[in-house]
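Trainee: I should like to learn how to read the features of a structural model. Please take me through them one at a time.

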Amino acid sequence: MPERKRKLKILKLHILLLTTLLFTIYFFTLGPHPWTGVDEAVVQKIAGEHGHVAKKPFIDLGEGDLLLFAFLLAGAVCGFAAGYSWRMLVSEKGARNTKQG
């Protein structure tokens, strides 16, 4: 009998969590329009008041997967640099200390 009560409690918990999750998703999709960022809401408004118009960037990373590739490339370069520095700090420093002592 205790096993059955335990399973019933787990089922009730799952139903409660699923209902809460679905309600939360539904609630946040009810907004009239998406929030605008600071660039659109403030910067472009003030620049327009002063007669400046936004220009298209020289390298537009917002189109397609180019932005994703740029982040991948930057992550690979930074990961290599961090790994190389970590190797220098841990492995070679420890090897030098054992040779001297």
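Mentor: Let us begin with helix length. Helices are DSSP runs of H or I with at least four residues, strands are runs of E with at least two, and both are numbered from the N terminus. The expected span of a helix is 1.5 Å times one less than its number of residues. For the 27 residues of α1 in this predicted model that gives 39 Å, and the end C-alpha atoms are 39 Å apart, in agreement.

Trainee: How many helices and strands does the protein chain have?

Mentor: There are 3 helices and 0 strands, and the order from the N terminus is α-α-α.

Trainee: On what basis are these values given, and how is confidence read?

Mentor: Residues are numbered from 1 along each chain as its sequence is written, and side-chain values use heavy atoms, with hydrogens and water left out. Because the model is predicted, local features need pLDDT of at least 70 and side-chain atom pairs count only at pLDDT 80 or more, whereas totals for chains, interfaces and linings use all residues. The pLDDT is the predictor's confidence in each residue, from 0 to 100. The protein chain has a mean pLDDT of 83, with 87% of its residues at 70 or more. Among its elements, α1 has the highest mean (93) and α3 the lowest (80).

Trainee: How many residues of α1 are buried?

Mentor: A residue is buried under 20% relative accessible area, exposed over 50% and partly exposed in between, with a 1.4 Å probe and protein chains only. The count of buried residues in α1 is 0. Buried residues also make up 0% of the 101 residues in the protein chain.

Trainee: Which residue forms a salt bridge with E3?

Mentor: A salt bridge is a side-chain nitrogen of Lys or Arg within 4 Å of a carboxyl oxygen of Asp or Glu. The partner of E3 is R6, with the closest N and O atoms 3.5 Å apart. By this rule the count is 1 salt bridge. An α-helix has 3.6 residues a turn, so residues three or four places apart point the same way. E3 and R6 are 3 residues apart in α1 (residues 2-28), and about one helical turn therefore separates them. E3 is partly exposed, at 45% relative accessible area.

Trainee: How are aromatic pairs read?

Mentor: A pair of aromatic rings is described by the distance of the centres and the angle of the planes. Rings of Phe, Tyr and Trp (its six-membered ring) pair if their centres lie within 6.5 Å; planes under 30 degrees apart are stacked, over 60 edge-to-face and the rest tilted. The structure holds 3 aromatic pairs. One of them, F23 with F27, is stacked, at 6.3 Å centre to centre and 25 degrees between the planes. F23 and F27 are 4 residues apart in α1, so about one helical turn separates them. F23 is exposed at 55%, while F27 is partly exposed at 47%. F27 also pairs with F28: the centres are 5.4 Å apart and the planes at 75 degrees, so this pair is edge-to-face. F28 is exposed, at 64% relative accessibility. Ring pairs link F23, F27 and F28 into a cluster.
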